[in-house]
Amino acid sequence: MPACALLLLPGTPPVAPLVAVGMMGAGMIGAAAAGRLTIGVVLALVPAAAFVALAHMQGKAALPHPASLALALLIAAISFAARGALFARSAQARGWWIALAVVGGEGAMLFVAAAQPGALPDWLLALLPAQWASAAIRTALSGTGASLAGSELAALAGTAAATLLVAKLWPRRWPYLIMFTAWLGLSALVLHHPSLPESAVAQAAPPAAAR
C-alpha cells in the first residue's frame, strides 16, 4: 500500500511516513504471525530498503546519509518486530490481529498528521512509535542527518528493550509496568526534544531532484 501511494499519488507524497507505516506493518504483523523477532526484523527491513530505493530512483527522496538512514531503519525494525513478538507471546495465534489493529490505528493518525499538519496535537503524536520512526527516517532522508532525531531513535531503542524484557519474562505481568513507564517517559523526551519539523527540514535541504 505505501508503494502504491508513492507511485499513484500526484506530486511528491511524504516518503518518511509511508516508509514508517510500511515497516511497522511488515515487521510487527510478521513477527506476531511467526512468533520470531528475527523474522519480523527481516520482513521490516527488506521492503523498507526497496521502498526507499524506489523513491530515490523516482527523485522523491535523496540519500545524503546512507549510514544514518540504515541505522534509523534498523532501530525502527527491531522496535516494531519486538512489539509483534510480544503480541505472539501474549495472545498466541491471535497476536497478529492485535498487531494489525495497532498498525491500522497508528498508520491512520500518521497519515492524518501528514495530510493536515496541526490537525493532531503534538502530545498525541509524541506517543506514537510510528511517528518516532517517521521523524528519524525523514531527517536521514534530508540533508541534515539522523543526529537531529536522536530523541526519536532513543525512544525506539528504549521501547524495544522494554518490550523484549516483557516478552522474555512472560507470563509474569509486572514487567508491563516497566514497559509502559518507559514508553511514557520516552514519549515525554520526544515531545520536549523533537527533531526538526518537516518545514524546517525542507528549508535545510534542497529538493532531491536538484542533487
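Which element gives the most to the lining of the second largest pocket? In this predicted model, local features need pLDDT of at least 70 and side-chain atom pairs count only at pLDDT 80 or more, while totals for chains, interfaces and linings use all residues. Residues are numbered from 1 along each chain as its sequence is written, and side-chain values use heavy atoms, with hydrogens and water left out.

We may start with the overall fold. The protein chain holds 10 helices and zero strands, where helices (H or I, at least four residues) and strands (E, at least two) are DSSP runs numbered from the N terminus. Along the sequence, the pattern reads α-α-α-α-α-α-α-α-α-α. Of the 211 residues in the protein chain, 46% are buried; buried stands for under 20% relative accessible area, exposed for over 50%, and partly exposed for values in between (1.4 Å probe, protein chains only). Among contacts (heavy atoms within 4.5 Å) with a separation of 6 or more, 75% are accounted for by residues 24 or more positions apart.

Now to the opening question. Helix H9 gives the most to the lining of the second largest pocket, with four residues. A pocket here is found on a 1 Å grid over the protein atoms alone, as an open set of points where a 1.4 Å probe fits, with protein on both sides within 12 Å along at least five of seven lines; lining residues have an atom within 4 Å of a point. The second largest pocket has a volume of about 300 Å³, a volume being the space filled by probe spheres set on the grid points, which are joined across faces, edges and corners. Its lining consists of Arg 83, Leu 86, Phe 87, Glu 106, Leu 127, Pro 129, Thr 159, Thr 163, Tyr 176, Met 179, Phe 180 and Trp 183. Two or more of these residues come from each of helix H4 (66-91), helix H8 (150-169) and H9. By class, the lining has eight nonpolar, two polar and two charged residues, with Ala, Val, Leu, Ile, Met, Phe, Trp, Tyr, Cys and Pro taken as nonpolar, Asp, Glu, Lys and Arg as charged, and the others, Gly among them, as polar.

Two of the lining residues, Arg 83 and Glu 106, are joined through their side chains by a polar contact of 3.0 Å. Such a contact is a pair of N or O atoms within 3.5 Å; within protein, one must be able to donate a hydrogen and the other to accept it, and residues adjacent in sequence count only if both atoms are side-chain atoms. Arg 83 belongs to helix H4 and is buried, at 16% relative accessibility. Leaving out residues up to four places away in sequence, Arg 83 touches Met 24, Met 28, Val 102, Glu 106, Pro 129 and Thr 163. Helix H4 also holds Ser 79, which is buried at 1% relative accessibility.

The aromatic residues bring us back to H9. Phe 180 and Trp 183 both lie in this helix (residues 175-192), three residues apart, about one turn of the helix. Trp 170, Tyr 176, Phe 180 and Trp 183 form one aromatic cluster. Rings of Phe, Tyr and Trp (its six-membered ring) pair if their centres lie within 6.5 Å; planes under 30 degrees apart count as stacked, over 60 as edge-to-face and the rest as tilted. The count by this rule is four aromatic pairs. The centres of the Trp 96 and Trp 97 rings are 4.4 Å apart and their planes are at 35°, so this pair is tilted. Phe 180 and Trp 183 form an edge-to-face pair, at 6.3 Å centre to centre and 65° between the planes. Phe 180 is partly exposed, with a relative accessible area of 43%, and Trp 183 is partly exposed at 29%.

A cis peptide bond, with omega of about 15°, joins Trp 170 and Pro 171; Pro 171 sits in the loop between H8 and H9. Gln 92, a residue other than glycine, has a positive phi near 55°.
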